[in-house]
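Work through these exercises with the sequence and the 3D view open. Try each task before reading its solution.

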Amino acid sequence: MASTAASPAFCAIPKISTTTNRASTSATRLLLKTPLRSLGFAGAAADPILAHHVATKLRSFKSSSAKPLRGVASMAKKSVGDLTAADLKGKKVFVRADLNVPLDDNQNITDDTRIRAAVPTIKHLISNGAKVILSSHLGRPKGVTPKFSLGPLVPRLSQLLGVSVVKADDCIGPEVEKLVTSLSEGDVLLLENVRFYKEEEKNDPEFAKKLASLADIYVNDAFGTAHRAHASTEGVTKFLKPSVAGFLLQKELDYLVGAISNPKRPFAAIVGGSKVSSKIGVIESLLEKCDILLLGGGMIFTFYKAQGLSVGSSLVEEDKLDLATTLIEKAKAKGVSLLLPSDVVVADKFAPDADSKIVPASGIPDGWMGLDIGPDSIKTFNDALETTKTVIWNGPMGVFEFDKFAVGTEAVAKKLAELSGKGVTTIIGGGDSVAAVEKVGVADVMSHISTGGGASLELLEGKELPGVLALEEAVPVAV
Ligand code: AMP
């Protein structure tokens, strides 16, 4: 099968009329056994070299007359790392973290990634003499719901921080105020689930004021909820100065905004997943920035069909055929190499034990559905990736929950691991690609693994996150 790598964009095949069946869109999400997830922190802070590189670029960008990049300039925020002992000693610091960890039926934590991710910011604060008032949500409670109490998190949090964390039974009110008053420097008080109050998600100003009244300074480290304007993520910033970004939030911004806006080139984006409709924003935004765009997953069949190919019973979004054509044209106009898989693994049914075979993209038989990219495509993708200096990946190449159709996704994970070892900046942009990288056991070596699904998708789409916008701007420095 001829490779498409040499062409500047996917070679459009003349449109012919075809009839195809709509495939089942309900990809069963199987629970993946996930090993300990790497957080990628360099020491206690976000990668300082990259952060410096990004901050410098952003500052020089801001001072230039160039056309502003969507969502970039306003995302350069003051960081908790800018606060020293002089700023923090004896101060009460309200930290909004994302401690929304999964618990089993016996209230045991089954994955502590989010707690570990919050540790660098809290440690920085306690080692500089601050009194930490820690807030988070857990689950989706409707009012006070004991099974969503943050109580079960206390032992692990205390262990990781090396201090005895005190837990409040509420997040506002006189009892909480009493506990705050009794805090000494370096103490940590964990407030009860902030979503026990409906006012939290409504971003009620009175509620935000009550939360803010507990502290002197605000730190937002809850990347996973930064795309929501809630009382504890946005409302409180109106009452607390300074309001700054925590290390985790900063690192997410450094990579998902900074490294992508000012990438070391060539810059490749790999976008997969089930539907083109859920990734339109991401593809359009990345087309503005990347040199190479590799597409995989269920969305490719909409592109194939738009190009006049038969797609059998593969997943197709009939109402997105024109959009697929437009995206191909846009890539061409921008000189972006858009590579679609040249071969696919097709199955006779959507099942882990389906019969399967490898066929060229132009030879998908009727009644068969494409569930993974084929070996020629893997080779072409690997060759294209070999040339890059920055890669961002969002979305699997196939139905990776079924081992039989996980080959393409795992090949990408392995290739990115190999490239990371050669100094390429590799960014895993949340969601299922994170699960795939963990399944292959290469999460440790990636430059950045995003901790927020929805928030990372919105950042990649070039949107500004309310929880970030509300924070203080980074102090401009002369460059
Ligand atoms: P998304 O949430 O949009 O990133 O999509 C992830 C889902 O896409 C995963 O559950 C995959 O099983 C699914 N997926 C990937 N490739 C295909 C395909 N060829 N056909 C159907 N579903 C797919």
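**Exercise 1. Pairing of β7 and β8**

Task: Find how strand β7 (residues 267–271) is joined to β8, and how many bridges join them.

Solution. This is a predicted model, so work from the predicted coordinates.
- Step 1. Four bridges join β7 to β8, and the two strands run parallel.
- Step 2. Pick one bridge. Ala268 has Ile292 as its bridge partner in β8.
- Step 3. Now check the side chains of β8 (residues 292–295). Ile292 and Leu294 point one way, while Leu293 and Leu295 point the other way. All four are buried.

**Exercise 2. The six-stranded sheet**

Task: Give the strand order of the open sheet of six strands. Then name its edge strands.

Solution. 
- Step 1. The order reads β3-β4-β2-β1-β5-β6, with parallel pairing.
- Step 2. β3 (166–167) and β6 are the edge strands, since each pairs on one side only.
- Step 3. Three bridges pair β5 with β6 in the parallel sense.
- Step 4. Asn220 stands opposite Ala245 in β6.

**Exercise 3. Annotated arginines**

Task: Which arginines does the UniProt annotation "binding site" cover? Locate Arg195 and Arg228, and decide whether each is buried or exposed.

Solution. 
- Step 1. The unreviewed UniProt entry covers Arg114, Arg195 and Arg228 with this annotation.
- Step 2. Arg195 sits in the loop between β4 (188–190) and α6 (198–201).
- Step 3. Arg228 sits in the loop between β5 (217–220) and β6 (243–245).
- Step 4. Apply the cut-off: a residue is buried if 20 or more other C-beta atoms lie within 10 Å of its own. Arg195 has 25 such neighbours, so Arg195 counts as buried. Arg228 has 20, so Arg228 counts as buried too.
- Step 5. List the contacts, skipping residues up to four places away in sequence. Arg195 meets His137, Pro141, Glu200 and Glu201. Arg228 meets Thr233, Pro466 and Gly467.

**Exercise 4. A second annotated group**

Task: Compare the surroundings of Gly431 and Ser433. Is each buried or partly exposed?

Solution. 
- Step 1. For "binding site", the unreviewed UniProt entry lists Lys279, Glu401, Gly430, Gly431, Asp432 and Ser433.
- Step 2. Gly431 lies in the loop between β14 (425–428) and α14. Ser433 lies in helix α14.
- Step 3. Gly431 has 19 other C-beta atoms within 10 Å, so Gly431 is partly exposed. Ser433 has 30 and is therefore buried.
- Step 4. Again leave out neighbours within four places in sequence. Gly431 is in contact with Asn394, Gly395 and Gly453. Ser433 touches Trp393, Asn394, Gly395, Pro396 and Ile428.

**Exercise 5. How α13 meets α14**

Task: Classify the crossing of helix α13 (residues 407–421) and helix α14 (residues 432–440). Which residues meet?

Solution. 
- Step 1. The two axes come within 9 Å and cross at roughly 75°.
- Step 2. Angles of 65 to 115 degrees count as roughly perpendicular. α13 and α14 are therefore roughly perpendicular to each other.
- Step 3. From α13, the residues are Thr409, Glu410, Ala413 and Lys414; from α14, they are Ala436, Val437 and Val440.
- Step 4. Sort this contact by residue type: four nonpolar, one polar and two charged.
- Step 5. Recall helix geometry. An α-helix has 3.6 residues a turn, so residues three or four places apart point the same way.

**Exercise 6. Around Asp372**

Task: Where is Asp372 placed, and which residues does Asp372 touch?

Solution. 
- Step 1. Asp372 is in strand β12 (residues 369–373).
- Step 2. With 30 other C-beta atoms within 10 Å, Asp372 is buried.
- Step 3. Beyond residues up to four places away in sequence, Asp372 touches Val344, Val345, Met397, Gly398, Val399, Phe405, Val407 and Gly408.
- Step 4. Take Val344. It is 28 residues from Asp372 in sequence, yet the C-alpha atoms are 5.8 Å apart.

Definitions and conventions: Residues are numbered from 1 along each chain as its sequence is written. This is a predicted model: local features need pLDDT of at least 70, side-chain atom pairs count only at pLDDT 80 or more; totals for chains, interfaces and linings use all residues. UniProt positions are given in the numbering used here, feature names are shortened, and annotations may be inferred rather than shown by experiment. A residue is buried if 20 or more other C-beta atoms lie within 10 Å of its own, exposed if 12 or fewer, and partly exposed in between; C-beta atoms are placed from the backbone. Two residues are in contact if their C-beta atoms, placed from the backbone, lie within 7 Å. Axes are lines fitted to C-alpha atoms, for helices over the stretch in contact, and angles run from 0 to 180 degrees between N-to-C directions. Angles under 35 degrees count as roughly parallel, over 145 as roughly antiparallel, 65 to 115 as roughly perpendicular and the rest as oblique. Ala, Val, Leu, Ile, Met, Phe, Trp, Tyr, Cys and Pro count as nonpolar, Asp, Glu, Lys and Arg as charged, and the others, Gly among them, as polar. Two strands pair if DSSP finds at least two bridges between them.
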